Amino acid sequence: MQQGNGSHKAPKAELWVNPDLRPASDALAQADISLADVEDAQARLARFAPLLVRLFPELAAAQGLIESALLPVSAQQAEQLLDLPARQAWGRLLVKADHDLPVAGSIKARGGIYEVLAYTERLALQHGLIQADGDYATLADAPARRVFERHTVSVGSTGNLGMSIGIMAAALGFKATVHMSAEAKQWKKDKLRSHGVQVIEHAGDYAAAVHTGRQAAQRDPLSHFVDDERSLTLFLGYSVAALRLRAQLAAQGIAADADHPLFVYLPCGVGGAPAGITFGLKQVFGDAVHCWFVEPTAAACFLTRMRHPDRPGISVYDAGMDNVTQADGLAVPVASELAYAQMRHLLSGVATAADATLFADLAALHDTAGLQVEPSAAAALSGPRMLLTEPAGVAYLRAHVPGERLACATHIVWSTGGRFVPRDEFEGFLARGRSVGRATG
Ligand SMILES: *Cc1c(COP(=O)(O)O)cnc(C)c1O
């Protein structure tokens, strides 16, 4: 707990606006990936849907798609959550409820599970276990499992990525190894071990756990390392969320276009998940969507990288932060270079939030809307609050959203994890959140 700890190193919360934001069409024309890659990933997930229903019966109703709801928030709830000074016409608020994603319980279900499936498909085709258009559900049968059990899937994680990779790899019959960094919560390790996953605990930070895991995997030809700092596969798995969100908005009759701006606020750790989703959203909605990342004040690695375009690999330690935060999913010292390169000209900006604010918002989301989110996920709420009130945010809105259009805006806070947090742990978060106020500085 960092409260009251005088040696804790974190700057004040702030909203940073990206001076290098470009029109989406320009920025996307430079990218080496395209909408076709996002659609390809979506098609791969569809091929695996029947297998997922077999492995996880709770996915039957959704026909094997791992997806979260897009929840409405009433105007009154929104005012309580955002704590805006006066009634302002700023549009409507929605919650993209990834905190409740089945199977993995966090946004990591999108990328992590996708990468395990992409590896599974490659192996299955190599070993003649399936035909390209065959029935993937047979990959739960003994012949496939005999192939998979000889292979290892491994990953370095602060917790949630390990859960998504470990749970899916173990369900398919792979050996699974998760390298956990120091901040990983005990219950996440316990849950993984209960699934038969090997958990290796590291005393160091997330970057160190990834490094060790990557090296160990290189020595083993029958292993696949999910590289959270470098994997394009992971990135594309996350990006599919944009196609799903487009369908959900359409189903709810919500427009997102030049006259109806869309603002999306995404908690950011290494950057892969929010960048993958932002890439997809920019492909789908172009300049109508404005994407903001939110990071803990002590672990703002993406903000640090965006501020220093000429310093690849710059860490939060270089910027005077100590990477100490209770937002374990976001406790990352160095941004993904892949995510940075994609976001350089697409991201509107980055907000940071102190841990006290995360806990206060965790409690507010529970007490106002009945949601169980983890501290990392609660970070998203700082996005709209700061955009709508901080001078830098107000100036951004004036420049990008002309006239009365803000009243027609949709703001989506992406609540990225929480489903599997044990109740007693959550009660502790809640008590802390109810007792602290949001940190204003
Ligand atoms: C991992 C994670 C994020 C951010 O994803 P990155 O790819 O690390 O940026 C956000 N919220 C939660 C709960 C997470 O576990």
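On a 1 Å grid over the protein atoms alone, a cavity is a set of points where a 1.4 Å probe fits but cannot get out, and its lining residues have an atom within 4 Å of a point. Grid points are joined across faces, edges and corners, and a volume is the space filled by probe spheres set on the points. Welcome to a predicted model, in which local features need pLDDT of at least 70 and side-chain atom pairs count only at pLDDT 80 or more, while totals for chains, interfaces and linings use all residues. Residues are numbered from 1 along each chain as its sequence is written, and side-chain values use heavy atoms, with hydrogens and water left out.

**View 1. The second largest cavity holds about 100 Å³ of space.** Its lining is made up of 13 residues, with Leu45, Ile66, Ala109, Arg110 and Arg244 the closest to the centre. Helices H2 (35-55), H4 (108-126) and H9 (232-251) each supply at least two lining residues; helices (H or I, at least four residues) and strands (E, at least two) are DSSP runs, numbered from the N terminus. By type, nine of the lining residues are nonpolar, two polar and two charged. Here Ala, Val, Leu, Ile, Met, Phe, Trp, Tyr, Cys and Pro count as nonpolar, Asp, Glu, Lys and Arg as charged, and the others, Gly among them, as polar.

**View 2. The largest cavity has a volume of about 220 Å³.** Take a look at its 23 lining residues: Ile107, Lys108, Gly269, Gly329 and Leu330 lie nearest the centre. Helices H6 (160-172) and H10 (272-285) each give at least two residues to this lining, and H10 has the largest share, with three. The lining divides into eleven nonpolar, ten polar and two charged residues.

**View 3. Four strands form an open sheet in the order E6-E5-E4-E7, with parallel pairing.** Strands E6 (198-201) and E7 (223-226) stand at the edges with a single partner strand each, so one side of each has no neighbour in the sheet. Two strands pair if DSSP finds at least two bridges between them. Four bridges join E5 (175-180) to E6 in parallel, and Thr177 stands opposite Gln198 in E6.

**View 4. Helix H7 (186-194) packs on the sheet, touching E5 and E6.** Contact means heavy atoms within 4.5 Å. The direction of H7 makes about 150 degrees with that of E6; axes are lines fitted to C-alpha atoms, for helices over the stretch in contact, and angles run from 0 to 180 degrees between N-to-C directions. H4 lies across E4 (152-157) and E7, at about 155 degrees to E7.

Note on methods. 1 Å grid on protein atoms, 1.4 Å probe; cavity = no way out; pocket = protein on both sides within 12 Å on 5 of 7 lines; lining within 4 Å.
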